[in-house]
Amino acid sequence: MSASLEVDALSVGFRTRRGVVQALTEATVRLERGELLLVVGESGSGKTVLAHALLRLIPENATVSGEIRLDGENLLAFSERRLRSVRGRRLALIPQTPASALSPVRRLGAQLEEAAQARGLERAEAREQLTARLAELDLDFEELSDRYVHQLSGGMQQRVVNALALVGEPEIVIADEPTSGLDADLVDATAAQLLAIPARGSALLVITHDLRLAERLGGRLALLYASRIVEEGPTAAFFAGPSHPYGRELLRALPEREGKPIAGLSPELSDLPGHCAFVPRCPDRFAPCTEAIPALYPVPGSRRSRCFEHAER
Amino acid sequence: MLSAEAVTKRYRPSGRHVVALDRVSLELAGDARLGLVGRSGSGKSTLGQVLATLLEPDHGSVTIDGDRVPGWGVRAPRELRHRVQLVWQSPRMAVDPRMRLAAAIVEPLVASGLLAKGGSAGAPIAASWAERVGLTDDLLERHPHEVSEGQLQRVCLARALIVQPRYLICDELTSMLDVSTQAALLEVIAGVQQERDLGVLLITHDRVLAGCWCHDTIELGAPGAEAPVGVPS
């Protein structure tokens, strides 16, 4: 069976007054139905740009190259009209801030039904699916229908957008920072809800900077640094021992490990070097690191690492 | 010692009464690292703002090194306000978007008349604080929208420390930031604590962080709970 989502050498740049800001460089990921992929990185590393590029929600001043294939068809070649048949129906987004993704001035029943119908469902079917998905998260559609979003707690808002994303049984669900600002018990609940998505057979892509959430979710993990994927592989293997120096330094910074910051600052995306971008901060750098940009070298255990320490010599 | 005694604060959104703090007491020693944890809505941020003399409580008092706070917000004496500094959760909301970072760092000194506005004396001071919080010189000429959230939070930490406070209150200082920036900011604070007395109150929803970095942690209960009074363990 072919991968349901294949991202091939995807690059996104933004033209600005300071020159081109390279937000994402040659990202290649594969995601099959029922799989979970975590895209982890600090703010500005390109992870949200990746999610938005998959939905083609990228501003006009962006230059995009590479391919995004959904069951073999290149999304980047789709017309805007054809994209509308993909967004929400086949590729759904769980937005970062539920409160701002829902209209504050409309009752929830009407706006949820409208969103479901926009995915091509008949009204009765929309209600049926909304009722079922919300019930799985202990929410009652009838009870919610007359309420406004500000009358719900943060946890309820999160559950509403989680349920809505699954209406129409999308093949791929993208969750953008699904736990930012949530209390610990809501993080637990959200993690359980997210894990139910691949269990139902959809593919799940989670964008997060929360390493503890990543460790709990498992699946596979792609770590971004300075617009590039620097390592990729099973999440458990990453937490047991990252294959890239950036990953190792990042885990050392966790307060429950050493709480030791990585020296220096991340590079400017408008001024990326022609060699490994982590060199100035890397404790393990050696001669080739300043000469070229390393490839993603294979590492045992179905992992890949963008570090010359894994290059064949 | 920075102490709050039996502080009560209610908000009245659309006619309802919401009790944010109900007779909460807290003591922060001059060299302590105290974690303040609790669910959203438990009153953590309200307590931080009361302790920083920015928000007037309905009842109760705040005492800073023996001096009882006589007024709140702009009515608090400047000298008392300088003793307790607050770093806000969202640096984008805390820094004037029109101000270059160099000016933003020294702004608290200018506002309190310790430094002439627009003078040349500010530049070396800004540069030395920038270095201290891990910012490079080339960033100082930029505006807030031209730097990352983490870089801007470093600016906010410098702004708080530049007036040499006795107490520092960090309200979700790092909740939006990656772990390395979090560790870097906490290292700056720990470095100041090695040089001189600085009592730190770390308000966070991250219990693991509070448990690892702080000497003690107290928990604020939900409003209306049986025993909402936080006392250091």
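First, some housekeeping. Residue numbers start from 1 along each chain as its sequence is written, while chains are lettered from A and ligands numbered from 1 in the order in which they are written. Because the model is predicted, local features need a pLDDT of at least 70 and side-chain atom pairs count only at pLDDT 80 or more, though totals for chains, interfaces and linings use all residues.

Within chain A, the element with the lowest mean pLDDT is helix α3 (residues 98-101), at 85, and the one with the highest is helix α10 (residues 235-240), at 98. (Helices, H or I with at least four residues, and strands, E with at least two, are DSSP runs numbered from the N terminus.) The stretch to watch is residues 223-233 of chain B, where pLDDT stays under 50. Where pLDDT is low, the predicted coordinates should not be read in detail. For the model as a whole, ipTM is 0.85 and pTM is 0.88.

Now to the inside. A residue is called buried if 20 or more other C-beta atoms lie within 10 Å of its own, exposed if 12 or fewer, and partly exposed in between, with C-beta atoms placed from the backbone. A nonpolar core is then a set of buried Ala, Val, Leu, Ile, Met, Phe, Trp, Tyr and Cys residues joined through C-beta atoms within 7 Å. The largest such core here has 144 residues, and those touching the most other members are Ile174(A), Leu205(A), Leu47(B), Leu51(B), Ile105(B) and Ile169(B). Helix α6 (residues 149-161) of chain B gives the most to this core, seven residues.

Two residues are in contact if their C-beta atoms, placed from the backbone, lie within 7 Å. Setting aside neighbours within four places in sequence, the contacts of Ile105(B) include Trp129(B), Val155(B) and Ile162(B). Ile105(B) also takes part in a helix pair: with Ala102(B) and Val106(B) of α4(B), it meets a group in α5(B) that includes Ile125(B), Ala126(B) and Trp129(B). The axes of α4(B) (residues 101-111) and α5(B) (residues 122-132) come within 9 Å and cross at roughly 95°. Axes are lines fitted to C-alpha atoms, for helices over the stretch in contact, and angles run from 0 to 180 degrees between N-to-C directions. That angle makes α4(B) roughly perpendicular to α5(B); angles under 35 degrees count as roughly parallel, over 145 as roughly antiparallel, 65 to 115 as roughly perpendicular and the rest as oblique. The residues of this contact are eight nonpolar, one polar and no charged. For that tally, Ala, Val, Leu, Ile, Met, Phe, Trp, Tyr, Cys and Pro count as nonpolar, Asp, Glu, Lys and Arg as charged, and the others, Gly among them, as polar.

Chain A has a helix pair to look at too. Helices α7(A) (residues 154-166) and α8(A) (residues 184-199) pack at about 5° with axes 11 Å apart, and are therefore roughly parallel to each other. Gln158(A) and Asn162(A) are among the α7(A) residues there, and Thr190(A) and Gln193(A) among those of α8(A). This contact divides into four nonpolar, six polar and no charged residues.

Where do the chains meet? In all, 21 residues of chain B are in contact with 19 of chain A. On the chain B side, α7(B) supplies the largest share, six residues, and by class that side has nine nonpolar, seven polar and five charged residues. Helix α7 of chain B turns up again at α11(A): the buried residues of α11(A) pack against it, as well as against β9, β10 and α10 of chain A. Those buried residues are Pro245(A), Tyr246(A), Gly247(A), Glu249(A) and Leu250(A).

Finally, some individual residues. Glu177(A) has a positive phi of about 45° although it is not a glycine. Glu177(A) sits in the loop between β7 and α8 of chain A and is buried, with 21 other C-beta atoms within 10 Å. Arg23(B), in strand β2 (residues 18-28) of chain B, also has a positive phi, near 50°, but is partly exposed, with 13 other C-beta atoms within 10 Å.

Terms used: pLDDT = per-residue confidence, 0-100.
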